[in-house]
Amino acid sequence: MRPGTASRFRFLLLHPLPMASRPPKRIRVPLNGVLLLDKPVGFSSNDALIKAKGLLNAQKAGHTGTLDPFATGVLPLCFGEATKFAQDLLDADKTYETLIHLGVSTTTGDTEGEVLERKDVSVSRAQIDAVLAQFRGPIKQVPPMYSALKRDGKPLYEYARAGITLEREARDVSIHTLEFLAYEAPFLRLRVACSKGTYIRVLGEDIGAALGCGAHLQELRRIQVGHLTLDGCVTLEQLDATGQAERSALLAPVDSLLLTFPEVLLSEPLAKRFLQGQRLTLAKEGVALPADAGRVRVYLQPADAVSVRQLLGTAQLHEYGVLAPERLIATAQPA
């Protein structure tokens with residue numbers, strides 16, 4: 001060992017060289033509420049969620065149902081405690097406006113796929129009305145290969161991109177409304193109100209097939225999810241243009257997801273028991289029952305006329321007025 005080697009070695013152990021400085025970790029904010037986003041073209045639902053979450057600097061977020069990248073419209077984004085109630089919107093009916101390009105079939109059923117076939121379009125309004133009548137009410141749909149449905153842990157679109165087509169079982173869906181809006185060959189514009197799980201791309205393809213010319217979707221805009229509409233929606237551009245301190249004010253409260261639920265008001269003692277997961281027999285407690293049984297939203301009874309009611313969660317209302325807690329707000333505390 002050369003002179004000075006040991007002492008230099010000990011110095012390196014005791015005083016390690018400084019590592020490259022790292023940027024400080026971003027501290028996320030615990031936000032609770034719902035952002036009604038008007039999703040733009042070119043963003044997947046997850047891309048839009050990540051962008052909005054970053055702009056709001058939020059800790060926890062989730063979206064309430066997939067919109068294809070080429071589609072636009074209502075995409076409710078849930079933050080914090082609101083994510084507990086996202087399933088209700090996943091199960092809700094949806095309403096769309098769509099522009100169907102007749103005479104051109106694509107691999108994906110929309111503008112993102114490759115053209116498979118072109119046919120001349122010569123259909124009348126009477127033919128269109130007759131075909132639309134076939135698709136109103138309960139129908140069966142075969143899910144498209146270009147979808148996020150999974151088979152053996154892989155989404156179907158991965159098989160489709162690899163050139164593999166798998167058998168898919170037809171599913172029961174319901175078309176509540178199928179309204180003719182306009183027709184200027186080869187473009188047919190419709191409004192569709194439907195049950196969850198309905199693929200408007202498949203509906204457009206099936207209408208084109210029934211008309212004998214094939215079709216794909218040129219445009220798709222979701223205008224309603226459950227009771228939530230485009231009214232009050234904001235764009236990513238509007239969110240970005242709003243100051244950081246004001247962005248959280250664009251969020252609707254958590255209970256905006258539950259406006260169709262009847263409500264039950266509890267006193268402070270009952271609210272504490274409810275938040276502990278206890279079942280309550282409302283008839284014995286003298287609590288007024290809502291007009292509609294089933295699922296309800298639960299509030300803490302205000303102490304006086306000027307108090308703001310506080311959402312505690314949702315519950316199932318069973319026979320004999322038994323209130324069974326379902327989803328609880330973790331941040332709720334009786335006043």
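How far apart do the end C-alpha atoms of residues 53–200 lie, and how much of the span is helix and strand? The end C-alpha atoms lie 28 Å apart, and the span is 18% helix and 39% strand.

## The model and its numbering

This is a predicted model, in which local features need pLDDT of at least 70 and side-chain atom pairs count only at pLDDT 80 or more, while totals for chains, interfaces and linings use all residues. Residues are numbered from 1 along each chain as its sequence is written, and side-chain values use heavy atoms, with hydrogens and water left out.

Helices (H or I, at least four residues) and strands (E, at least two) are DSSP runs, numbered from the N terminus.

## Domains

The domain assignment gives domain 1 (33–91 + 229–250), domain 2 (94–225) and domain 3 (263–328). Such bounds come from an automatic or database domain assignment. The C-alpha centres of domain 1 and domain 3 lie 30 Å apart. Their contact (heavy atoms within 4.5 Å) takes five residues from domain 1 and five residues from domain 3.

An unreviewed UniProt entry carries the annotation "domain: Pseudouridine synthase II N-terminal" for residues 53–200. UniProt positions are given in the numbering used here, feature names are shortened, and annotations may be inferred rather than shown by experiment.

## Aspartate 68

The UniProt annotation "active site", from an unreviewed entry, covers Asp68. Aspartate 68 sits in the loop between strand 2 (61–63) and strand 3 (72–79). Leaving aside residues up to four places away in sequence, aspartate 68 touches Lys39, Phe43 and Arg201.

Is aspartate 68 buried, exposed or partly exposed? Its relative accessibility is 22%, so aspartate 68 counts as partly exposed. Buried means under 20% relative accessible area, exposed over 50%, and partly exposed in between (1.4 Å probe, protein chains only).

## The largest pocket

The largest pocket holds about 970 Å³ of space. It is lined by 33 residues, and the closest to its centre are Thr66, Asp68, Ala148, Tyr199 and Arg201. A pocket is found on a 1 Å grid over the protein atoms alone: it is an open set of points where a 1.4 Å probe fits, with protein on both sides within 12 Å along at least five of seven lines. Lining residues have an atom within 4 Å of a point. Grid points are joined across faces, edges and corners, and a volume is the space filled by probe spheres set on the points.

Domain 1 and domain 2 each give at least three residues to this lining of the largest pocket. Among the elements that each supply at least two residues are helix 2 (45–56), strand 4 (94–102) and helix 6 (200–211). By class, the lining has 12 nonpolar, 12 polar and nine charged residues. Ala, Val, Leu, Ile, Met, Phe, Trp, Tyr, Cys and Pro count as nonpolar, Asp, Glu, Lys and Arg as charged, and the others, Gly among them, as polar.

## The second largest pocket

The second largest pocket holds about 260 Å³ of space. Of its 17 lining residues, the closest to its centre are Thr107, Pro144, Met145, Arg168 and Glu205. Helix 6 gives the most to this lining, with four residues.

## Backbone details

The peptide bond from alanine 185 to proline 186 is cis, with omega near 5°. Proline 186 lies in the loop between strand 10 (171–184) and strand 11 (187–194).

Asparagine 57 is not a glycine, yet has a positive phi of about 55°. Asparagine 57 is buried, because its relative accessibility is 12%. Tyrosine 320 is also not a glycine, and has a positive phi of about 65°. Tyrosine 320 is exposed, with a relative accessible area of 73%.
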